[in-house]
Every structure is written in C-alpha cells, then in structure tokens.
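Please look at the sequence and the structure shown here before reading on.

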Amino acid sequence: MDSGLKQRKRVARIALPTAALLLVGGAVTVQSIGSAAAAETTLRAAAANAGLFFGVAASPGRLTSIVGQEFNQLTPENDMKPATIATSSGALQNTGNADTLVNYAQSNNMLVRGHTMVWHSQAGALQGASQATLNTFIGNALNRWGNRIAYWDVVNEALGDNNTGSRRTQWPHTLNRDANGDGDFFDTGDTDVIRDSFIRAKQVVQAGGLTTKLCINDYDVEGLTVQGGTPNRKANALYDIVRNYRQYIDCVGFQAHFNDNPNSIITNDLQANIQRFADLGVEVHITELDIDDDLSNNDIGAGQAENYRKVVRACLNVAKCTGITVWGIADSESWRSSERGLLFTGGSGNYQKKAAYTAVLDELNKGRVPVNPTSPASTTTPPTTPPTTPPVTPSVPPTTPPNPTPGCSATVSLNSWTGGFVATVKVTAGSAPINGWSVQLTLPSGAAVTNAWNANRSGSSGAVQFGNVSYNGRLNAGQSTEFGFQGTGAAGNLSPVCTAS
Ligand code: XIL
C-alpha cells in the first residue's frame, strides 16, 4: 500500500465520526471539530474539543473570572507545597488556600493537579524528613482531597542540572542507597526515594479506591536532545525511572520552562520525546509552560507565538499527551516576569491577550488531526507531523525475530506516519544474565534513522546497529530494557537480531 493511501485510510478511520470536510482556500481539508463546526473562542473549549485540558497555575489572590473562563485545569502555584501544608511529622496544616483553590476548580468544572509532595525545594518543616515521615505526608495529602485531585505530582525535580543524567544529591535524595554500587537505584537492596514514595502513594490510592493519578514532574527533560544535538541525558534518566517504576507511575510532567539555557530550549524532537514516554503507557503533560520572550542575542523568544504553537502541536500530535498547563496568567504576575513568558499582558484581573494566546487558541482549534499539508491553513504544521496515533494500535504489530540468537531477543513496535516513524525496541535477556547487547536491523531503502535514545547507534540507513549504553547493558535472565529511534521514510517490517555479550 502506498504511504499516501495508508495516510488517507487512517485519517478517515479516526476522523469520520467527528469530522467534516471543510473548504479552506479552495483545498479540501479534514479537521477534527468535535460537535461544533465553529472555532472555539476560549482555550478550555478548544482544548476540550481536542481531548485535552488546558490549565493554569494560580493562587487564591488570582482567581478572577478569566481563570474559570479560559482554563479547565488548575494547579496551586504554591499552596499545596510542603512549605505551606506540611508539619515536621507529615501532618497537614494551613490547608485553607489549597481548599479555596480546589473549591474554585470544582465549581468551575476544572481538574486539579496537586503540586507537590516530595521535592528538595519549598519543603518547609518536612526538610530532612525520613522516608517514613514522607510516607505519612503522602498519605495525608492524598486522602485530604481524594478524587477532587485528578493528578498529583508525587515527586518533583528529582534529577540534577547540567545534563548529567544523575539524581540530585541533596535531601530527599540523600535517602537513596546504591547497595551493589552499579550506579543506579533500581536493584533489589537499593533504597530509592522516588520508588518508595510512589509505592506509598499507589498503596494509598488503591486502599482508598481513588482515581487520582500519580505523576513525576521535572524540567529540562522536554527534548530528546538539548541545544547542539547532544542527547538529553536528563530526559533519558527520567525515561529510565518511568520505565522501571511504570507500575506505580501514571503520568509524566514536562515543566517546559523554556529559556536561553542550552538545556531548556525547544528542540524539534519535543514531539518524539513526548511519544516515547507515551509509548510506556503513561499520560504526558506539559505542566508549567512559559516561554522566554527575552530579546537578547541568544534569544529563543523571537517568535514567541510560534514557539507556543510548536509546543501545543507537539502535544496534540501524541494521543496520550492529555494536558497543557501555563505557569500563570499574565507576564507581570509570573515567577519570571522579566521574561514575559505567558499568554496575557495586564494584571490584577484586567488582562489583554498576546499573540501567543491567539497562536495557542488557533492551534488547539485545529485539533489532533492535522489538516491536509498542502492547504494554506497548515503552513505552520511541519509536513512530517504524524497524525493522531491510536493509543494502543501500533500501525505495524510488534514483530518477533524468527530465530532469536541465544542470549537475547528483540522485538520492535512502530508508530508510523507518512514520511516518518518512531520505533521502540524491547531487548530481553534469555535464560542467563547478560552484560551487554547489540541489535542489528535492516531498514528498507528510503528509510533512515535521525536519532536514537538509550542506545549507541552506528549507521543510519540499510544495516543499522544499536548497542547498549552504560546503564542498560546488564540484564538478568528474562529481564528487558527498551531503546528507541526516530526515522524518516517508511520502516516496513523490521526484523531485529539481538546478540548478547
Ligand atoms: C515557583 C512559583 O511559581 C514561585 O511563586 C515560587 O516562589 C517558587 O516556585 N518548578 C516548580 C514550581 O515545580 O513549583 C516552581 O514554582 C517553578 C519551578
């Protein structure tokens, strides 16, 4: 089947129940329009049509009418942090502001994201607490608001700066112990404050029959790469954490405080990175979005509106990217007011929409199904943008190599779109432990790898080889690890061959 036909069939299958054919500038396009053909005029309505939430961080003093009008999700900017609500024994105190925010959200049909429980900063009386005390606080916080909180950031900012890919070294990460000295905290016998906090949170959720989803949240984890194309080791470390603790973690937050720091810019692989987390089965959220509009030389803010559009599009193109939250209403009221990174100017309830607002609204109104790339309406959508991917149906079913080499085996699952794909490769050790692995596969002509994560790659077309990196080579008998790569062209049916060492 030619790829154009495949694309048309897929669009038809996804879009027909909710789509209409529209004439835009003479070209026929397909748009996901929900129940109404007209473009929505608020962020929350446009987002709801596209199947995601659009939220804002706020404090009680900022709850003017714009909050309930424009947003359908609310994150307390400071009022649920341990510094405000925790005592040194993990009991709750001063929950008045948090209650005000939760009540406001409920009366305005907004979801709430609880923010946050286990964090090195703004820990207040909890600073230096033991895991047992953290667990007490986790239980109290979850049970205090129950299902009135849809998502909780259980662990915030666990990873260090400067793209080291390491955990932070200050409390609460001083609770960690690497028993066998292999450089990670994933093994039996290790102590890991991330794992143990999520285990506790999951127990509380299950014991209370709660629907609250448990998230891990961090910054500088947005792209597969950072400026200059260096792999984003912080994002890779987060990916490893989520993969290892998938049974306890429901959602991943990319803070998305984009600025001039080389690790904090918007890269073209934002969408592919969202996709690889989504492929683990978790929801992905953009949780604290603001985009620097600094006009200095190394500025990323020129075209702030286009940057906003890019981030919204990357989320819309991944079905499991289920929400975007901006970190405040107006520039003047932002925690980074000098960077003018938000959607409104003005203040104190009197707000004016910026170009960034219009770009976000417009992009949300396009929905998850991109319009025909040849139409004038789609000029800001990159031609390789994949259509909405069905969450559980890879376009090519996972393939098992016919003759797995003794020692390890590999399977591939693909998410493909016209002109590109993301492959996730699962490597599984055989009946004995292995110290390293290498996977070879042959791409059909016309296909090429553009980047890979959690593996060292040689070659980009034809026969391509992927070897383990330092942290995922050693596997116990039957244990699995995953790496991934993105490519252009059509991947076809890939038959990976795994060799163990
Ligand atoms: C910030 C708030 O916006 C400020 O008002 C406060 O002074 C400091 O914290 N990452 C997070 C947020 O997870 O909680 C931080 O919020 C911004 C960075």
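With the side chain of which residue does the side chain of E288 make a polar contact? The partner is the side chain of N217, at 3.1 Å. A polar contact is a pair of N or O atoms within 3.5 Å; within protein, one must be able to donate a hydrogen and the other to accept it, and residues adjacent in sequence count only if both atoms are side-chain atoms.

The model is predicted: local features need pLDDT of at least 70, side-chain atom pairs count only at pLDDT 80 or more, and totals for chains, interfaces and linings use all residues. Residues are numbered from 1 along each chain as its sequence is written, and side-chain values use heavy atoms, with hydrogens and water left out.

**The chain as a whole**

The chain has 501 residues, of which 56% are buried. Here, buried means under 20% relative accessible area, exposed means over 50%, and partly exposed lies in between (1.4 Å probe, protein chains only). The secondary structure comes to 11 helices and 22 strands. Helices (H or I, at least four residues) and strands (E, at least two) are DSSP runs, numbered from the N terminus. The chain exposes about 19400 Å², and carbon and sulfur atoms supply 50% of that area. Accessible areas come from the Shrake-Rupley method with a 1.4 Å probe; for residues, only the protein chains shown count as cover.

Of the contacts between residues at least 6 apart in sequence, 69% join residues at least 24 apart. Contact means heavy atoms within 4.5 Å.

**The ligand and its surroundings**

The ligand is surrounded by 13 residues, and the closest are E77, K81, H115, E288 and W327.

| Residue | Ligand atom | Distance |
|---|---|---|
| E77 | oxygen | 2.4 Å |
| E157 | nitrogen | 3.0 Å |
| E288 | oxygen | 2.8 Å |

Taken alone, the ligand exposes 410 Å², and the protein buries 78% of that area.

**Residue E288**

E288 is found in strand 10 (residues 283–291). Its relative accessible area is 5%, so E288 is classed as buried. Leaving aside its neighbours within four places in sequence, E288 is in contact with H115, N217, F254, Q255, A256, H257, T325 and W327. UniProt lists E288 for "active site" in an unreviewed entry. UniProt positions are given in the numbering used here, feature names are shortened, and annotations may be inferred rather than shown by experiment.

**Backbone features**

Most residues other than glycine have a negative phi, and most peptide bonds are trans.

The peptide bond from H115 to T116 is cis, with omega near 5 degrees. T116 lies in strand 5 (residues 111–118). A cis peptide bond also joins W171 and P172, where omega is about 10 degrees. P172 belongs to the loop between strand 6 (151–156) and helix 7 (193–207).

A256 is not a glycine, yet its phi is positive, at about 65 degrees. This residue is found in the loop between strand 8 (251–254) and strand 9 (257–258). Is A256 buried or exposed? Because its relative accessible area is 0%, A256 is buried.

S348, also a residue other than glycine, has a positive phi near 50 degrees. S348 is placed in the loop between strand 12 (344–347) and strand 13 (350–353). Its relative accessibility is 70%, so S348 counts as exposed.

**Two further residues**

L414 is found in strand 15 (residues 408–417), and at 4% relative accessibility L414 counts as buried. L414 and L494 are 80 residues apart in sequence and 9.2 Å apart in space, C-alpha to C-alpha.

Q127 is placed in the loop between strand 5 and helix 6 (131–145). Its relative accessibility is 44%, and therefore Q127 counts as partly exposed. Apart from its neighbours within four places in sequence, Q127 is in contact with H120 and W171.

Notes
Near = heavy atom within 4 Å.
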